[in-house]
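Okay, thanks everyone, let me put this one up on the screen. I'll start with the charged pairs and then move on to confidence and the surface.

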Amino acid sequence: METENLEQETTEVIPGGVPEIDERQILLAEKDAEIEALKKELDESAKRLLNISVALSDTEIRLALLLAGAAKEKLAEAFSLTSALCKSGKTPADAAVEIIAAYPHLRAVQRAIPQFSAGSSGTNDGFSAVRRIFSAK
């Protein structure tokens with residue numbers, strides 16, 4: 001008799017013909033699936049945000065180095081030193097200035113471009129032979 005009472009309690013039938021416990025389990029399973037999908041989407045968004053943050057930080061450091069006067073050829077070396085300072089709490093601009101001041105070989109060198117001028121003052125200026133060749137024709 002006791003087993004018959006337990007069966008009647010757990011399998012009460014709703015007018016639609018489906019036991020009430022099964023409907024709750026289905027709803028819970030659907031909600032669990034929704035929660036898992038949202039968790040997965042949140043994890044993917046967090047990873048994407050982290051990647052964007054790292055890329056932005058790297059770009060800020062490179063820009064600060066270029067503005068501080070670092071040579072383009074030495075940018076990779078200066079970047080590694082500056083990023084280490086940034087991880088210790090300094091801003092990219094302050095770290096870049098400090099690195100460029102401490103390591104002058106990373107600084108871009110201003111080169112003077114030689115300027116040539118050709119004077120056409122007479123027959124011995126070096127270009128007179130070329131002028132004679134073209135003027136003879």
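So, salt bridges: searching the whole of this predicted model turns up 2 of them, where a salt bridge is a side-chain nitrogen of Lys or Arg within 4 Å of a carboxyl oxygen of Asp or Glu. One is Glu98 with Lys90, with the closest N and O atoms 2.4 Å apart. Glu98 is partly exposed at 35% relative accessibility, and Lys90 is partly exposed with a relative accessible area of 35%. Here buried means under 20% relative accessible area, exposed over 50%, and partly exposed in between (1.4 Å probe, protein chains only).

Glu36 pairs with Lys39, closest N and O atoms 4.0 Å apart. Both sit in helix α2 (residues 20-68), 3 residues apart, about one turn of the helix. Helices are DSSP runs of H or I, at least four residues, numbered from the N terminus. Lys39 is partly exposed, at 47%.

A quick word on bookkeeping: residues count from 1 along each chain as its sequence is written, and side-chain values use heavy atoms, leaving out hydrogens and water. Local features need pLDDT of at least 70, side-chain atom pairs count only at 80 or more, and totals for chains, interfaces and linings use all residues.

How confident is the predictor? pLDDT, its confidence in each residue from 0 to 100, averages 82 over the protein, with 76% of residues at 70 or more. Helix α4 (residues 92-102) is highest at a mean of 95, and helix α1 (residues 2-10) lowest at 48.

Last one: Phe134 is in helix α5 (residues 128-135), and is exposed at 66%.

Key
Helices (H or I, at least four residues) and strands (E, at least two) are DSSP runs, numbered from the N terminus. pLDDT is the predictor's confidence in each residue, from 0 to 100.
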